[in-house]
Amino acid sequence: MESYELDFDCVGIEDGGKIPISHTGRGQDISPEFIIWNLSPRAKYLAVTVEDLSHPIRDFTHWVIWNLPASNHIRGGIPAGKNVPGIRGARQGVAYGRHRYAGPKPPRGKTHVYRFSVYALDTFLTLKPRARKQAFFEAADGHIIQAGSITGEFE
C-alpha cells in the first residue's frame, strides 16, 4: 500500500520551536491537540508517538497511543488509561508515560528535542495495553497509509 505525508499542526508547537510548558512534565503535562489537514479517506484509525531524540536511550518513547478514530482532530488533554476514557477502542501502551501522555522533562539545564508523530492506519490494531512502540510498529507494518512528524525543544 502506498503511503504519503500526513500534514498536521500540533496546536501551540511550531515545528522546530519551543514546547509550551503546559505540555511538559514541568507544567500541566497535558497532551497537545492535533489538527490534520490532508487525512486520506482510506484512513480508519490514527496513532501518535512522542519520542525524546536527545535521550541517551535512542528515540526514548514518551507516549504511544493507537486506535484513535480517524478524524481531522485529535483532542488535547487525553486522560490516562489503558483504554482511553471517552474514545472507544483507543489504547495507550507502555512508554515513559505508562498508559498516558508523559511530556518532556529533560534534566535541568539541558535542552532536548522531541518528535511528535501522527500515523493514519487502514485497520484497527489488536494489541495488548502493555505493548510498547516496537510492538505498535510491528502490528502497524503494512497498515500505515500516511505519516507525519514535527519536532520541538524543551529545556
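Predicted model: local features only at pLDDT ≥ 70, side-chain atom pairs only at ≥ 80, totals over all residues.
Reader: What makes histidine 23 count as buried or exposed?
Author: Its relative accessible area is 9%. Buried means under 20%. So histidine 23 is buried.

Reader: Where is histidine 23, and what does it touch?
Author: It sits in the loop between β3 (17–18) and β4. Among the residues it touches are Val11, Ile13, Asp29, Tyr101 and Gly103, leaving out those up to four places away in sequence.

Reader: Why is the pair of glutamate 153 and lysine 18 called a salt bridge?
Author: The rule asks for a side-chain nitrogen of Lys or Arg within 4 Å of a carboxyl oxygen of Asp or Glu. The closest N and O atoms of glutamate 153 and lysine 18 are 4.0 Å apart. So the pair is called a salt bridge.

Reader: What does that pair tie together?
Author: Glutamate 153 lies in strand β10 and lysine 18 in strand β3, so the pair ties together parts 135 residues apart in sequence.

Reader: What makes arginine 100 and aspartate 29 a salt bridge?
Author: Their closest N and O atoms are 3.2 Å apart. The cut-off is 4 Å. So this pair is a salt bridge.

Reader: Which parts does the pair of arginine 100 and aspartate 29 tie together?
Author: Arginine 100 lies in the loop between β8 (91–92) and β9, and aspartate 29 in the loop between β3 and β4. The pair therefore ties together parts 71 residues apart in sequence. Arginine 100 is partly exposed, because its relative accessible area is 33%.

Reader: How do you know that glutamate 51 and arginine 115 meet in a salt bridge?
Author: The N to O value for their side chains is 2.9 Å.

Reader: Which of the two is buried, and which is partly exposed?
Author: Glutamate 51 has a relative accessible area of 4%, so it is buried. Arginine 115 has 23%, so it is partly exposed.

Reader: What makes a network here?
Author: Salt bridges share partners. They join Glu51, Arg58, Asp59, Arg115 and Lys133 into one network. The salt bridge count comes to 6.

Reader: Why is aspartate 52 called buried?
Author: Its relative accessible area is 2%. The limit is 20%, so aspartate 52 is buried. This residue lies in strand β5.

Reader: What makes aspartate 52 and tyrosine 114 a polar contact?
Author: Their side chains come to 3.5 Å. The cut-off is within 3.5 Å, with one atom able to donate a hydrogen and the other to accept it. So the pair counts as a polar contact. Aspartate 52 is also in contact with residues including His62, His112 and Val113.

Reader: What makes up the largest nonpolar core?
Author: This core has 28 residues. Phe34, Leu68, Ile74 and Phe116 have the most contacts inside it. Strand β9 gives the most, with 4 residues.

Technical notes:
Residues numbered from 1 in each chain as written. Heavy atoms only, no water. Core = buried A, V, L, I, M, F, W, Y, C linked by side-chain atoms within 4.5 Å. Buried < 20%, exposed > 50% of the residue type's maximum accessible area, 1.4 Å probe, protein only. Helix = DSSP H or I, 4+ residues; strand = E, 2+ residues; numbered from the N terminus. Contact = heavy atoms within 4.5 Å.
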